Amino acid sequence: MTPSTAFSALQPAIERARPHDLAGIQSLLRACKLPVAGLSELPELALVIHQGPMIVGSAVIEPYGDAGLLRSIAVESSLRGTGLGHRLVDAALGLARERNIRDVFLLTETAPSLFARMGFQPIVRSRVPPAVRQSVEFASACPASARAMHLPLTATPPAQEHVRAATGREAAQIAEIYNQGITDRLGTFETRLRSERDVLAWFDGAHPVVVVARASGGIVAFAATSTYRPRECYSGIAEFSVYVARDERGRGFGRQAMAGLMDAASAAGFWKLVSRVFVDNAASRGLMASIGFREVGVYERHGRLDGRWRDVVIVERLFPENLD
């Protein structure tokens, strides 16, 4: 088994970097031929992935008011192609949103196509905010040939959206959003579309369902819990799922729905939420990592979808307040 194969079978979580990680980040950047200038101290918004004592992945957001500089995206050479770079970028963007950063900029020589697939667009350097242009990365660390790219973020959804408990009257809208996820093959093995009656069965009084709703009454996202196992010893564990309406994705509504679901699950007495995420669903994995979920391991060939075997990552989050 190659190192990358072994690692992909059990990927540890993306973590916030700690002071003692600085040397390891610098070493990884040098190995990847990326600049270390400007990283003489650990940045506040830095992420790492460990493999044993080694740091095998890193990402940094440097905040400049409501703008941010994404830099130091690095993955150890033998682990490239396992989705770690995409996961790191997603998690870093999650940190940026939490800090109310509205625009993220970067410089790249080798990966413009990767960042373009994640929504970044080329931008002339003169249009980058002056504070970002004066960073070490822009001013001296990267060559003039490096391409500047920009991604606008919605740090928080507009004020007219809010999280609340779902009601049975919204079952049809929830079913519509869920069916979009099924049709788009984003995050479920399910292929049978759900009806309003199917969704109404979720409202059993024991398992919270929350929605991100507009003042007009429409919903843009939902998150729901369901029974994990019927045995009494598992009564405090719930499975969960989260879906965002097709036209509303990428605006932070999934994060809002999950925040509401975690609050509701904790209040209901659950001590753990668990789920499974497609290995190649970088956006969901980045979201889970940024809100405190741990990747436990990978179920290989867990099921077929459209005739193709798919692997899934097991994720979990404990609620210490409900543990004895």
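**Exercise 1.** Why is helix α10 (residues 282-290) largely enclosed by the rest of the structure?

*Solution.* The model is predicted: local features need pLDDT of at least 70, side-chain atom pairs count only at pLDDT 80 or more, and totals for chains, interfaces and linings use all residues. Residues are numbered from 1 along each chain as its sequence is written, and side-chain values use heavy atoms, without hydrogens and water.

Step 1. Helices are DSSP runs (H or I, at least four residues), strands likewise (E, at least two), numbered from the N terminus.
Step 2. Count buried residues (under 20% relative accessible area, 1.4 Å probe, protein chains only). In α10, 7 of the 9 are buried, so the helix is largely enclosed.
Step 3. Name them: A282, R285, G286, L287, M288, A289 and S290.
Step 4. Find their packing partners: α3 (84-98), β11 (237-244), α9 (253-267), β12 (272-278), β13 (294-305) and β14 (308-318).

**Exercise 2.** In which sense do β5 and β7 pair?

*Solution.* Step 1. Pairing needs at least two DSSP bridges between two strands.
Step 1. β5 and β7 have 6 bridges, in the antiparallel sense.
Step 2. F105 stands opposite H150 in β7.

Terms used
Buried means under 20% relative accessible area, exposed over 50%, partly exposed in between (1.4 Å probe, protein chains only). Contact means heavy atoms within 4.5 Å.
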